[in-house]
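Hi there,

I am passing a structure on to you, and my notes follow just below it. Have a look at the model first, then read on.

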Amino acid sequence: MTVDYETEYNNRARVPEHAEIFVRWEREGEAYRKASPKAELGLKYGPSPRQTLDIFPAANAGANAPLALFIHGGWWRSLSPSSFSQMAKGPNAHGVTVAVAGYDLCPQVSIATIVEEMRAACLFLWRKYKKRIMVYGHSAGGHLTACLVATDWKTLAPDAPHDLVPAGYAISGVFDLAPLAKISVNADLKLTDKTAHDLSPLYWQVPAGRILDAVVGAQESNEFLRQSKTIAEAWRQGMATTRYDAPPGNHFNVLDPLTDAGSAMTARVVELARKVQAQAL
């Protein structure tokens with residue numbers, strides 16, 4: 001059966017109200033920053049204007065607070081971290097400090113460069129806090145989450161632990177980039193068959209002991225459901241502990257539970273962050 005990749009990966013067409021959701025994200029992000037007077041905003045982890053981290057300290061947590069990093073989506077080519085400050089809200093309420101990352105966008109840079117930028121952000125956090133990091137991300141951020149989980153950090157920085165990012169929670173990610181090389185978004189992504197394969201964490205060798213949750217909205221396209229199921233199955237057969245979950249929601253509102261301290265999604269992110277912190281003690 002021929003798959004219409006253009007339709008399967010066009011989330012904005014599948015969710016006509018996406019523009020209203022984007023406006024809501026901006027409003028909620030601004031409100032959460034205003035409600036977080038102890039936040040450290042715009043910390044530079046690299047030279048470009050978008051290479052920043054907004055850090056939201058955990059509520060009533062001391063030096064041993066778990067540390068998490070949130071990475072936004074937008075097909076590696078749109079959106080900004082300011083629309084996602086509120087994704088720290090749920091974990092913050094349970095004592096998890098959250099950094100929200102910015103990165104340069106395609107086509108000004110390649111996806112490979114964005115992967116390296118996110119690694120640089122993690123190393124910045126390591127040198128600031130000397131803590132291992134649980135990473136969670138959405139869409140393109142889900143892809144980047146998996147890339148960070150599969151990284152052997154000792155090959156990049158001798159001062160970092162080899163398992164700097166031992167666990168990730170990837171929401172609506174794309175882990176096999178081959179289909180994207182065949183659709184219109186590739187005008188900006190500029191993937192070739194080779195780079196699409198090389199940048200697909202589905203095919204990476206995962207170091208032992210890593211954890212990945214692959215989560216996708218139950219109302220998303222068959223391709224997005226397949227992407228998450230496939231990496232959960234493939235990595236489970238390798239060296240990782242994986243979990244697949246399809247909670248209610250479309251590609252965009254699937255994120256909403258992260259703003260709710262009482263949601264199951266928040267509870268799982270907090271559980272993983274605490275597990276990562278416990279490993280380091």
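Is the crossing of α5 and α6 left-handed or right-handed? It is right-handed; a crossing counts as left-handed if the near helix is turned anticlockwise from the far one by less than a right angle, and as right-handed if clockwise.

Before the rest, some background. This is a predicted model, where local features need pLDDT of at least 70 and side-chain atom pairs count only at pLDDT 80 or more, while totals for chains, interfaces and linings use all residues. Residues are numbered from 1 along each chain as its sequence is written, and side-chain values use heavy atoms, with hydrogens and water left out.

**The helix pair**

Helix α5 covers residues 111–129 and helix α6 residues 140–149 (helices are DSSP runs of H or I with at least four residues, strands are runs of E with at least two, and both are numbered from the N terminus). They pack at an angle of about 60°, with their axes 10 Å apart; axes are lines fitted to C-alpha atoms, for helices over the stretch in contact, and angles run from 0 to 180 degrees between N-to-C directions. The two helices are therefore oblique to each other (under 35 degrees is roughly parallel, over 145 roughly antiparallel, 65 to 115 roughly perpendicular, and the rest oblique). On the α5 side, I111, I114, V115, M118, R119 and C122 meet H143, L144, C147 and L148 of α6, where contact means heavy atoms within 4.5 Å. These residues divide into eight nonpolar, one polar and one charged (Ala, Val, Leu, Ile, Met, Phe, Trp, Tyr, Cys and Pro count as nonpolar, Asp, Glu, Lys and Arg as charged, and the others, Gly among them, as polar).

Most residues other than glycine have a negative phi, and most peptide bonds are trans. W76 lies in the loop between β3 (67–71) and α4, and its phi is near 60°, a positive value in a residue other than glycine.

Enjoy exploring it!
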